[in-house]
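Here's a quick tour of the model, from overall build to a few individual side chains. Have the coordinates open as you read.

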Amino acid sequence: MSHFLNKVLVIGLGLIGGSLAKSLREQRACANVVGFDRDQREMQEGLRLGVIDSMAENLAEEVSSADLVVLAVPVKATEAVLEQIKPFLTPSTILTDVGSTKGNVVEAAERVFGRLPVGFVPGHPIAGSEKSGVAAADSQLFNGYKVILTPLQNSSAEATARVEEMWRFTGAEVLMMDVARHDEVLAATSHLPHILAFSLVDTLAREEENLDIFRYAAGGFRDFTRIAGSDPTMWHDVCLANKEPLLRQLDRFTAGLARLRSAIEQGNGDMMLGTFTRAQAAREHFSRILSDTASSQTMNTSNVIFRAQPGGSVTGTIRVPGDKSISHRSIMLGSLADGITEVSGFLEGEDALATLQAFRDMGVVIEGPNQGKVRIHGVGLNGLQAPPGPIYVGNSGTTIRLLSGLLAAQQFDTELSGDESLSKRPMERVAKPLRLMGAQIESGEGGRPPLKIKGGSDLKAISYEMPMASAQVKSCLMLAGLYADGVTSVTEPAPTRDHTERMLQGFGYAVAQNGSKVSVTSGGTLTATQIDVPADISSATFFLVAAAITPGSDLTLEHVGINPTRVGVLNILKLMGADLELMNEREVGGEPVADIHIRYAPLKGIQVPEDQVPLAIDEFPALFIAACCAEGETVVSGAEELRVKESDRIQVMVDGLKALGADIEGTPDGAIIRGGQLHGGEVFAHGDHRIAMSFSIAALRSSGEIKINDCANVATSFPTFVDLAQEVGLNVNEGDS
Ligand code: NAP
């Protein structure tokens with residue numbers, strides 16, 4: 001059998017050294033795992049337990065013949081051990097260690113060697129336990145955990161690769177970092193919590209009634225103090241070894257604790273809730289990051305497939321998730337209002353959560369979200385505070401474009417950044433008009449994120465003719481207009497969504513509408529309100545079409561937003577002969593909502609009026625399915641925007657529907673579809689959530705199973721889709737390929 005190396009020598013056969021040796025042996029990584037410990041009994045125990053192949057009787061001989069030497073001794077013993085082995089190291093020996101601090105290990109090595117050997121690559125496994133000694137050796141200790149290597153300037157690429165390879169055998173994930181960064185990160189994430197746990201237990205133990213206290217200690221105490229069971233000597237050494245970074249973290253923590261103390265003393269509920277809600281959100285975010293990395297491999301490679309079986313009908317009463325645009329705006333305006341705004345039906349998707357986090361970063365106390373409920377402690381139009389660092393908005397274009405208008409008017413500087421895909425999107429369309437108002441904004445290369453916004457600019461109102469219809473640009477300027485001296489007006493070349501204008505009015509802020517021109521005057525205030533976010537009509541569409549095409553269907557969709565800029569799908573379905581009625585029409589936070597009752601009725605093909613196209617642009621994948629189930633020909637034109645959505649929606653729908661036997665032709669700006677019988681088959685959603693959901697409902701009228709590939713994105717945009725579909729009678733299931 002070929003091994004990655006012939007001989008590995010582990011010096012210090014304790015928990016970490018023993019666990020590494022045992023794992024390498026079990027994996028048959030090398031021909032010979034030799035162990036050395038200053039305690040003869042530990043070595044014998046290691047041999048007896050099968051942790052090592054052999055004991056190092058003669059250290060000099062073993063060092064000179066080893067390919068790789070691992071120091072697994074306490075960090076403060078590093079220098080002495082290096083002195084001891086130095087004479088026997090050869091130019092090709094690879095040397096690494098496992099110490100919990102790195103700066104002092106490197107300093108020790110510099111004292112011993114002068115110029116550091118090219119084979120030296122310091123490391124630190126981020127795994128361990130409260131136990132010590134070889135008897136605690138566990139070959140699985142590192143499996144699924146991280147190991148940080150801190151290669152030095154001198155370290156050869158070959159040595160680094162070998163050390164990395166060694167850790168991979170244990171099942172660990174290997175990361176690279178520089179020494180100073182390692183020590184700073186570990187001071188914050190490991191050393192500080194250990195010090196706090198030791199200190200808390202010690203403080204309580206010193207109290208006279210300590211026995212009682214411990215007797216009644218609840219789970220929280222046990223969870224928090226588990227790590228106070230760790231080895232005292234090791235932690236004594238760590239504190240000395242990483243003194244400066246640890247002191248910096250302790251000072252930050254002490255200052256934070258003092259702030260919380262004074263909040264408690266003064267009964268400052270907002271401040272307490274602010275700390276607790278931010279911490280809770282950060283904790284969740286952090287858990288998500290951890291579970292994402294654990295499962296990242298499966299996530300990247302798996303192809304989520306939907307299988308939709310033919311037949312069934314669509315009945316019942318459901319409420320689909322909240323509207324994304326309105327969820328964003330409820331957080332923004334709630335934060336700027338005076339008083340507490342209560343939001344329900346909030347869409348807990350990544351984009352709206354990015355907006356929520358941005359306002360938390362600017363000092364707004366926001367409770368939740370908890371099952372769509374959010375409580376926002378508004379700070380008023382002038383109450384935002386400088387965020388601690390750049391505001392990261394992930395993939396949310398709405399957040400970055402709307403916030404830029406708001407932030408341009410603040411007294412503090414900010415930076416807005418996003419993920420890789422957002423960083424390719426154009427930002428000048430908002431930056432340019434904001435500059436006309438006097439804002440100081442710098443965009444990144446090619447007018448893209450990040451956006452650096454200078455605070456303290458006194459904005460002047462402008463009257464802006466948008467060169468291109470965009471609800472985001474309009475909203476951005478309206479938000480800036482709340483602060484700009486005078487009347488800010490925006491004129492749009494074509495109607496766009498008006499959620500911002502409506503919600504401003506829902507918060508009691510006057511907005512003037514004059515034809516295609518909308519205006520706000522600064523100097524007003526927003527008053528907190530209650531918002532039950534309307535269900536998203538785009539999400540409702542899949543169920544509307546499902547019921548419209550399936551004999552026997554009778555479905556009610558509750559609390560759906562029927563904003564006039566979004567109801568194209570209702571108008572088009574009605575023109576096709578759908579039996580749908582709006583019930584219980586009402587207004588919520590300035591937005592019209594209704595329950596929609598729809599029953600099956602035979603559909604007929606139509607020429608879709610072009611004036612309805614922008615009002616239904618996101619709904620066309622589903623409407624294409626409706627057209628396939630209608631009698632006669634449906635013609636869609638003026639919809640060229642469909643070609644530049646998440647996918648080329650015209651092409652992807654044409655390809656998929658043809659695979660199901662439909663009579664459909666794509667045109668540059670739409671399609672011509674003749675109704676007929678669909679059969680089963682395999683289609684591809686190309687990662688476009690709306691395409692995936694549209695083909696799921698097509699099965700209601702197909703003669704065989706439809707297998708839909710690339711459906712993973714449904715989980716982010718409409719996580720409850722499959723459950724709701726099953727609830728109303730569709731036979732759709734999700735699986736991996
Ligand atoms: P451990 O169980 O106490 O093992 C250390 C071993 O090294 C002991 O057997 C000790 O022998 C031996 N040793 C001490 N000085 C020596 C010397 N001069 N020559 C040869 N052997 C010597 O400690 P550990 O938990 O494995 O920690 C070892 C290293 O791993 C430390 O640098 C620590 O920072 C790092 N680390 C620990 C954890 C953790 O959770 N425990 C996690 C990551 C990294 P004696 O018993 O005779 O002293």
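## Overall build

Of the protein's 737 residues, 52% count as buried, where buried means under 20% relative accessible area, exposed means over 50%, and partly exposed is in between (1.4 Å probe, protein chains only). Bear in mind that this is a predicted model: local features need pLDDT of at least 70, side-chain atom pairs count only at pLDDT 80 or more, and totals for chains, interfaces and linings use all residues. Numbering runs from 1 along each chain as its sequence is written, and side-chain values use heavy atoms, with hydrogens and water left out.

Along the principal axes, the C-alpha atoms fill a box of roughly 90 × 65 × 55 Å. The accessible surface comes to about 32,000 Å², 50% of it belonging to carbon and sulfur atoms (Shrake-Rupley method, 1.4 Å probe; for residues, only the protein chains shown count as cover). As for secondary structure, there are 25 helices and 31 strands; these are DSSP runs, H or I of at least four residues for helices and E of at least two for strands, numbered from the N terminus.

The chain splits into domain 1 (5–177), domain 2 (184–267), domain 3 (304–314 + 537–583 + 592–736) and domain 4 (324–532), with bounds that come from an automatic or database domain assignment. Taken over C-alpha atoms, the centres of domain 2 and domain 3 are 56 Å apart.

Among contacts (heavy atoms within 4.5 Å) between residues at least 6 apart in sequence, 75% join residues at least 24 apart.

## The nonpolar cores

A nonpolar core here is a set of buried Ala, Val, Leu, Ile, Met, Phe, Trp, Tyr and Cys residues joined through side-chain atoms within 4.5 Å. The largest one has 84 residues, and Phe543, Phe620, Leu657 and Phe721 touch the most other members. Helix α19 (residues 537–549) supplies the largest share of this core, 10 residues. Apart from it lies another core, of 66 residues, including Ile331, Leu422, Tyr483 and Ala484.

What does Phe543 touch, leaving aside residues up to four places away in sequence? The list is Ile318, Val320, Leu555, Leu557, Phe718, Phe721, Leu724, Ala725 and Val728.

## Annotated binding-site residues

An unreviewed UniProt entry puts the feature "binding site" at Lys324, Gly397, Arg425, Gln472, Arg649 and Arg690. Positions are given in the numbering used here, feature names are shortened, and annotations may be inferred rather than shown by experiment.

Lys324 sits in helix α13 (residues 324–336) and is partly exposed, with a relative accessible area of 36%. Not counting residues up to four places away in sequence, Lys324 touches Leu347 and Asp351. Arg649, in helix α22 (residues 649–659), counts as buried at 1% relative accessibility.

## Two local details

Asp39 caps the N-terminal end of helix α2 (residues 40–48), with a side-chain oxygen 2.9 Å from the backbone nitrogen of Arg41. After α2 comes Gly50, whose phi is positive, near 75°.

Arg502, in helix α18 (residues 499–506), is buried, with a relative accessible area of 18%. A polar atom of the Arg502 side chain lies 3.1 Å from the backbone oxygen of Gly590. Beyond four places in sequence, Arg502 touches Asn563, Pro564, Gly589, Gly590, Glu591 and Pro592.

How values were computed: Polar contact = N/O pair within 3.5 Å; in protein donor to acceptor, adjacent residues only side chain to side chain.
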